[in-house]
Amino acid sequence: AGGGALMSANTVVDQAMAATAGGGSVAALGFAAKIPAAVLGLSGLALGTTMLPHYAELAASRRFGEMASALRRHAVRIGVVGAAVAVLLATVSRPLVRLLFEHGSFGPADTARVATIQSLYALQIPGFLVSIVAARYLNALGRDRWILAVSALNFVLNFAGNWVLLRWMGLPGIALSTSLFYGVAATILLILCRRAIREKASLHTP
């Protein structure tokens, strides 16, 4: 719950910092996040619901070698699929934004701006999905506090990334910062997963 609260707080931080980027920036950021957020919400829920019972069963039966192999297999496959979805979304970003949002006061200039930000937001998809899998793996091994620590670290990294990239490349920097910190989160969580499974295996080695 604490980790989820910290991750949700990143959205509030993003919007607050976007407000300093000029008129319409908060709205542009909100429009750009809609489609990636929908993709992540549906796929993340499905992965989390599926992975936790699977890993918990392996952990309960002390099949730690099989559990480690499963994580490697899942992380690679989900990372590849997530990257493919991210590239596809980034490629069709402009026509998709034009189709869904360009009407009334939302003109071509707004489409170009939102599409650029959306493309950068799409890059978070593989890191986010791998993070979900790794977090459920740690849940199954009883390492919930590690997840909270990573969430806290990512909150700090997101704030720092926003501050630096917003000044370097403007509003799109906030989206890029989000994608980068999910990549960092996935990497750290996978390292912790490896450590956790080694600890468990050593404790139960005859």
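User: What follows helix 7, and what is its phi?

Analyst: In this predicted model, helix 7 is followed by G170. The phi of G170 is positive, near 80°.

User: How long is helix 7, and how far does it reach?

Analyst: A handy way to read a helix is to set its end-to-end reach beside the span expected at 1.5 Å a residue. Helix 7 covers residues 144-169, 26 residues in total. From first C-alpha to last, helix 7 reaches 36 Å, close to the expected 38 Å.

User: Which residues of helix 7 are buried?

Analyst: Buried here means under 20% relative accessible area. In helix 7 the buried residues are W146, I147, V150, S151, N154, N158, G161, N162, L165 and L166. For the whole protein chain of 206 residues, 44% count as buried.

User: How many helices and strands does the protein chain have?

Analyst: The protein chain has eight helices and zero strands, so its radius of gyration is the next thing to read: at 19 Å, it is close to the 17 Å that the globule rule gives for 206 residues, so the chain is as compact as a globular protein of that length. Along the principal axes, the C-alpha atoms fill a box of roughly 70 × 30 × 25 Å.

User: What share of the contacts joins residues at least 24 apart?

Analyst: Counting contacts between residues at least 6 apart in sequence, 78% join residues at least 24 apart.

User: And how many positive and negative side chains are there?

Analyst: The protein chain carries 17 positive and 7 negative side chains, with the centres of the two sets 7 Å apart. As for its accessible surface, that comes to about 10400 Å², and 68% of it belongs to carbon and sulfur atoms.

Methods: Residues are numbered from 1 along each chain as its sequence is written. Side-chain values use heavy atoms; hydrogens and water are left out. Helices (H or I, at least four residues) and strands (E, at least two) are DSSP runs, numbered from the N terminus. The radius of gyration is taken over C-alpha atoms; the globule rule is 2.2 Å times the number of residues to the power 0.38. Buried means under 20% relative accessible area, exposed over 50%, partly exposed in between (1.4 Å probe, protein chains only). Contact means heavy atoms within 4.5 Å. Accessible areas come from the Shrake-Rupley method with a 1.4 Å probe; for residues, only the protein chains shown count as cover. Lys and Arg count as positive and Asp and Glu as negative; His and the chain ends are not counted. The place of a charge is taken as NZ of Lys, CZ of Arg, CG of Asp or CD of Glu. The expected span of a helix is 1.5 Å times one less than its number of residues.
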